[in-house]
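Dear colleague,

I am handing over a structure for you to study. Please open it alongside this message, as the findings follow directly below.

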Amino acid sequence: SNTIGQQQQPMDCTDGVPYHEQLSLLNMECSEKDLLTIAGYDFRWKRVGRRLLCDQKVNDIDREESGEGDRREKMLLEWKKTKTHDATYQALVKVLRAIENNATADRVEELEKSKSQARIASTTDV
């Protein structure tokens, strides 16, 4: 009998974390603290902002804030305020990849990973 390809059983678990946990972690909302960290990363805030917020909001931020860092910060916090549950790490990563800013997308994923590992540790430590 041909057993090639039979050895690879689909794993229901990655790194000891149940699959459903993995999924909920992928949709983790960005914390305000992390958004302030991300605001310090390098990305074109207007291009990201236009994908996350309406143009009017982006124009307002452009007018009201002077520094690039302040604009990135304001834009991300505004996104969290208006989108709440949709303001996830993955949503941000998707936008960053869409504008081909993969280096920053990778950094956001690293941040999310460290966050989710801390969360897993706290749920398994009970």
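In this predicted model, helix H4 meets helix H5 through Lys 57, Ile 61, Asp 62 and Glu 64 on the H4 side and Arg 71, Lys 74, Met 75 and Glu 78 on the H5 side. Sorted by class, this contact has six charged residues, two nonpolar ones and no polar ones. The axes of H4, which spans residues 55–64, and of H5 come within 10 Å and cross at roughly 145 degrees. The crossing of H4 past H5 is right-handed.

In soluble globular proteins, nonpolar side chains tend to be buried together. Here the largest nonpolar core has 26 residues, and those that touch the most other members are Ile 38, Phe 43, Val 48, Met 75, Leu 76, Trp 79 and Leu 92. At least two residues of this core come from each of helix H2 (32–38), helix H3 (45–52), H4, H5, H6 and helix H7 (102–124). H6 gives the largest share, five residues. Not counting residues up to four places away in sequence, Ile 38 touches Phe 43, Leu 76, Leu 92, Val 108 and Leu 111.

Finally, is Thr 88 buried or exposed? This residue lies in the loop between H5 (68–83) and H6 (89–98). Thr 88 has a relative accessible area of 7%, and because buried means under 20%, Thr 88 counts as buried. Leaving aside neighbours within four places in sequence, Thr 88 is in contact with Asn 27, Met 28, Glu 29, Cys 30 and Trp 79.

Yours sincerely,
A colleague

Key. Residues are numbered from 1 along each chain as its sequence is written. This is a predicted model: local features need pLDDT of at least 70, side-chain atom pairs count only at pLDDT 80 or more; totals for chains, interfaces and linings use all residues. Side-chain values use heavy atoms; hydrogens and water are left out. Helices (H or I, at least four residues) and strands (E, at least two) are DSSP runs, numbered from the N terminus. Buried means under 20% relative accessible area, exposed over 50%, partly exposed in between (1.4 Å probe, protein chains only). Contact means heavy atoms within 4.5 Å. Axes are lines fitted to C-alpha atoms, for helices over the stretch in contact, and angles run from 0 to 180 degrees between N-to-C directions. A crossing is left-handed if the near helix is turned anticlockwise from the far one by less than a right angle, and right-handed if clockwise. Ala, Val, Leu, Ile, Met, Phe, Trp, Tyr, Cys and Pro count as nonpolar, Asp, Glu, Lys and Arg as charged, and the others, Gly among them, as polar. A nonpolar core is a set of buried Ala, Val, Leu, Ile, Met, Phe, Trp, Tyr and Cys residues joined through side-chain atoms within 4.5 Å.
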